[in-house]
Amino acid sequence: MLRFKSLGSGSGGNSTLVEACGLVPFRILIDCGLGIRQLALRLAQADLRFEDIHAVFITHEHGDHVGCARTLALRHRIPVWMSQGTHSAIGAPDFEGLLHTARDGKAIDLGGLQLMPFTVPHDAREPLQLNCTDGSAKLGILTDLGHATPHVMAHLQACDALLLESNHDTELLNQSVYPAFLKRRVGGDYGHLSNAAAAGIACAANHSGLKHVVAAHLSAQNNRPDLAQDALSHALGCKRSDIVVAGAASGTPWLQI
């Protein structure tokens, strides 16, 4: 059995907890964009401690994703996976033997959990998103993306659950107080997904076994939960309430696949 829980998602910080619920549970954090104290608090709300985390995967070097990864790793001796480009982009710090290099298309076997990283178009050095499987269920995680390539879509096929960026509503972004260069960056091919783009990805990845779709990384200024839910539910032919929204402060409840 596989389950997952967003601990928080937004421009202020992103972290997702994935648990393979075998005889001995295995837990991994995807990104550590929250501060170390806030991360400890969010884990405590799930009745967990740092000692219960077995690995960390960092998708890219932006502060709302890499955050406290090195501090967490060194304090609690937790192994970390990231791309060589990401490591270089954060200054190539010493992880005291805890760092492992993640590569596009190279599976990471963690015992009861397997990760499959894949490259994505985003304005970072070597960004990777990923899917996770325990052999019976598959979770796709896609939180920072400019646009969906065939390579990305190939990795999202047959997912039983998706944590999918729905960053902005195009009209709200165009009307926002953001300067023009930032609007171009956010809405560009290497920026973030609009609700409409996220809906298109969800529709293309939809199949009878898709149980959960979570809208993630919503912009506080340029989106609203109901707009993201409307776009995704329309694309998937489901009720608005079927789409879970990962909040910046509250994340999501545990979702079992």
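## Strands and pairing

Two strands pair if DSSP finds at least two bridges between them. Strands (E, at least two residues) and helices (H or I, at least four) are DSSP runs, numbered from the N terminus. The structure is a predicted model, in which local features need pLDDT of at least 70 and side-chain atom pairs count only at pLDDT 80 or more, while totals for chains, interfaces and linings use all residues. Residues are numbered from 1 along each chain as its sequence is written, and side-chain values use heavy atoms, with hydrogens and water left out.

## The open sheet

Seven strands form an open sheet with mixed pairing, in the order β7-β8-β9-β10-β11-β12-β13. β7 (108–109) and β13 are at the edges with a single partner strand each, so one side of each has no neighbour in the sheet.

β11 and β12 run parallel and are joined by five bridges. Ala 161 has His 212 in β12 as its bridge partner, and Glu 165 stands opposite Ala 216 in β12. β12 also runs parallel to β13 (residues 243–245), with three bridges between them. Here Ala 215 has Val 245 in β13 as its bridge partner.

## Strand β12

Five of the five residues of β12 are buried (under 20% relative accessible area, with a 1.4 Å probe and protein chains only). The strand is therefore largely enclosed by the rest of the structure. In a regular strand the side chains alternate between the two faces of the sheet. In β12, His 212, Val 214 and Ala 216 point one way, and Val 213 and Ala 215 point the other way.

## Helices on the sheet

Helix α8 (residues 195–205) lies across β10 and β11 and runs at about 160 degrees to β11. Such angles run from 0 to 180 degrees between N-to-C directions, and axes are lines fitted to C-alpha atoms, for helices over the stretch in contact. α9 packs on the sheet and touches β11, β12 and β13; contact means heavy atoms within 4.5 Å. The direction of α9 makes about 155 degrees with that of β13.

## Nonpolar cores

A nonpolar core is a set of buried Ala, Val, Leu, Ile, Met, Phe, Trp, Tyr and Cys residues joined through side-chain atoms within 4.5 Å. The largest has 28 residues, and Phe 4, Val 18, Ile 28, Phe 57, Leu 113 and Leu 115 have the most contacts inside it. Elements that give two or more residues to this core include β1 (2–8), β9 (128–133) and β12 (212–216). Apart from it lies another core of 24 residues, including Leu 17 and Ile 78.

Conventions: Buried < 20%, exposed > 50% of the residue type's maximum accessible area, 1.4 Å probe, protein only.
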